[in-house]
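User: Could you walk me through how the pieces of this model pack together?

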Amino acid sequence: MKIIGKGFIAQNLKKIKISNKYIIYAAGVSNSNLKNKKKYYYEIKRIKSFLKKKIQGKIIIYISTLSVNNKSLKNDLYVKNKLIIEDLIKSNQNSFIIFRLPQIVGKSKNKYTLSNS
């Protein structure tokens, strides 16, 4: 199994055994309140580069956010970015799973999470 990302979710997923047929993409902007468009552009560039590799025989698992279903956040940069990446995955990969997770709670070094405030 391969996990792309270094944050809270990626680190905790490394603790469990998952089949080698999956690649988990758990990288990206971790501060959902970030307003710096350059960070989001970088994330899109990074996922495009990853998807160009066309990993054959693998199922890509993308960690997205449940916030994409919140109509009041439709203009939020973080939510827009997640939707763009979901669309890139859908249009470039044959086999994928997109998990739209709510706020994840646990001991984390990320100072921007609700539970570490």
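Analyst: One term to begin with: a crossing is left-handed if the near helix is turned anticlockwise from the far one by less than a right angle, and right-handed if clockwise. Helices (H or I, at least four residues) and strands (E, at least two) are DSSP runs, numbered from the N terminus. This is a predicted model, where local features need pLDDT of at least 70, side-chain atom pairs count only at pLDDT 80 or more, and totals for chains, interfaces and linings use all residues. Residues are numbered from 1 along each chain as its sequence is written, and side-chain values use heavy atoms, with hydrogens and water left out.

User: Which way does helix 2 pass helix 3, left-handed or right-handed?

Analyst: The crossing is right-handed.

User: What is the angle between helix 2 and helix 3?

Analyst: About 10 degrees between helix 2 (residues 37-52) and helix 3 (residues 77-92), with the axes 10 Å apart. That makes helix 2 roughly parallel to helix 3 (angles under 35 degrees count as roughly parallel, over 145 as roughly antiparallel, 65 to 115 as roughly perpendicular and the rest as oblique). Axes are lines fitted to C-alpha atoms, for helices over the stretch in contact, and angles run from 0 to 180 degrees between N-to-C directions.

User: Which residues meet there?

Analyst: From helix 2, they include Tyr40, Ile44, Ile47 and Leu51; from helix 3, Leu77, Ile84, Ile85 and Leu88 are among them. Contact means heavy atoms within 4.5 Å.

User: How many bridges join strand 2 to strand 3?

Analyst: Four, between residues 22-25 and residues 59-65. Ile23 stands opposite Ile60 in strand 3.

Note on methods:
Two strands pair if DSSP finds at least two bridges between them.
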